[in-house]
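Please read them with the structure open.

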Amino acid sequence: MENAVQSLDGGGVFCEPCALAIGIFDAVHKGHQHVLNAAKDFAAKNGAKAFVLTFYPHPSKVLGGEKAGGCPLIYPADVRAELLLDFGMDGVFFKDFTPEFASKTPEEFFGFLMEKFPNLKCVATGENFRFGVRASADVKVLKELAGGSGVETISVCGVLDGGNFVSSTRLRKALQDGDMQSFYEMSGRNYFCRGRVEGGRKLGRTIGFPTLNLKAFGECKPKFGVYASRLQNLDTKEIFCGVSNVGVNPTVGECAPVLETNTFDFPDFGEGANIKVELLKFLRGEKKFASINDLKAQIAVDKENANKFFRVCGC
Ligand SMILES: Cc1cc2nc3c(=O)[nH]c(=O)nc-3n(C[C@H](O)[C@H](O)[C@H](O)COP(=O)(O)O)c2cc1C
Ligand SMILES: Nc1ncnc2c1ncn2[C@@H]1O[C@H](COP(=O)(O)OP(=O)(O)O)[C@@H](O)[C@H]1O
């Protein structure tokens, strides 16, 4: 396929034999990976492609969840697509989740799949997957509808962590609590933010702690505060250990949320560089200091605490 990430809202029809994993897949956690593996295994055994059908925005934004504001997504849609492709999926298809789409009956939903993927061989979901108007249909209905068209269904059992199902909701909570270890355990990778370095107020260098700044967060932000972090230049692949602050800089006048990283070795790249920052361990909450000098003294302590973390855990 020429372009591995496509919209299902154009007129396109995708005729290759395929297994389709269906869901939101925010953060592509271990439960999601179980579903994706089922699609990949089926595809490998049956000479088919392993595709993903995912939705944007989160259905709760349209249907009114999380006190009507909808679920805040952990990663932007482009990062979600990248994670799915990195996992080995052959293609990712985004469908606009609109009120009209949400009101499709289960039969219409399945009809839509067959229209867009006329050579559909298999649908893979979790056993708790629901679809159709008011989430009225479950995997049993999916099996009946699919069977009528000779399409196989696989509904994988839930993946647990610490006795509870892994879910994007638990990942959001871990992120908002600064519990980076749980985030890692449930998703299989560190939380990260990636994008182009943006200019700041250039104040950091005047206080002895220059920072590389990223603003490309998902909707769900990590707990504001200081983290031991790892920064990678995605063009050169160089890796630097450092200390990051996520927040709004209350000491120097509030700004829009930003992830600022001070690396232990000063890299020779800056604004415009394509970087990825992983948040490894939460060290303390963001604070409003009485003076810039107090902030400076605290950042020196933060660097030492991050260093202690790296001495034990490595970079
Ligand atoms: C390790 C670290 C910890 C920080 N902690 C705080 C904090 O607790 N409160 C705060 O207002 N700003 C904090 N900052 C942000 C600084 O205010 C900010 O880096 C500085 O003002 C430079 O901003 P600039 O990049 O726009 O030049 C921290 C920055 C770093 C690197
Ligand atoms: N812990 C889990 N174990 C197995 N499958 C899961 C798990 N969590 C979600 N799934 C399945 O993965 C697919 C994508 O899930 P998604 O729509 O993103 O739901 P959630 O927000 O609950 O993670 C769905 O088919 C869903 O049933």
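1. Ligand 2 is surrounded by 18 residues, where a residue counts if one of its heavy atoms lies within 4 Å of the molecule. Among the closest are His 32, Gly 126 and Asn 128. This is a predicted model: local features need pLDDT of at least 70, side-chain atom pairs count only at pLDDT 80 or more, and totals for chains, interfaces and linings use all residues. Side-chain values use heavy atoms, without hydrogens and water, and residues are numbered from 1 along each chain as its sequence is written.

2. Oxygen atoms of ligand 2 take part in polar contacts (pairs of N or O atoms within 3.5 Å). A polar side-chain atom of His 32 lies 2.8 Å from one oxygen atom. For Gly 126, a polar backbone atom is 2.8 Å from an oxygen atom of the ligand. A backbone N or O atom of Ile 24 lies 3.0 Å from a ligand oxygen atom.

3. The shell around ligand 2 divides into 9 nonpolar, 9 polar and no charged residues. Gly is counted as polar here. Helix H1 gives the largest share, 3 residues; helices are DSSP runs (H or I) of at least four residues, and strands (E) of at least two.

4. The structure holds 1 disulfide, meaning a pair of cysteine sulfur atoms within 2.5 Å. The partners are Cys 241 and Cys 315, with sulfur atoms 2.0 Å apart. Cys 241 lies in strand E12 (residues 239–247) and Cys 315 in the segment after helix H9 (292–313), so the bond ties together parts that are 74 residues apart in sequence.

Technical notes:
Chains are lettered from A and ligands numbered from 1 in the order in which they are written. A polar contact is a pair of N or O atoms within 3.5 Å; within protein, one must be able to donate a hydrogen and the other to accept it, and residues adjacent in sequence count only if both atoms are side-chain atoms.
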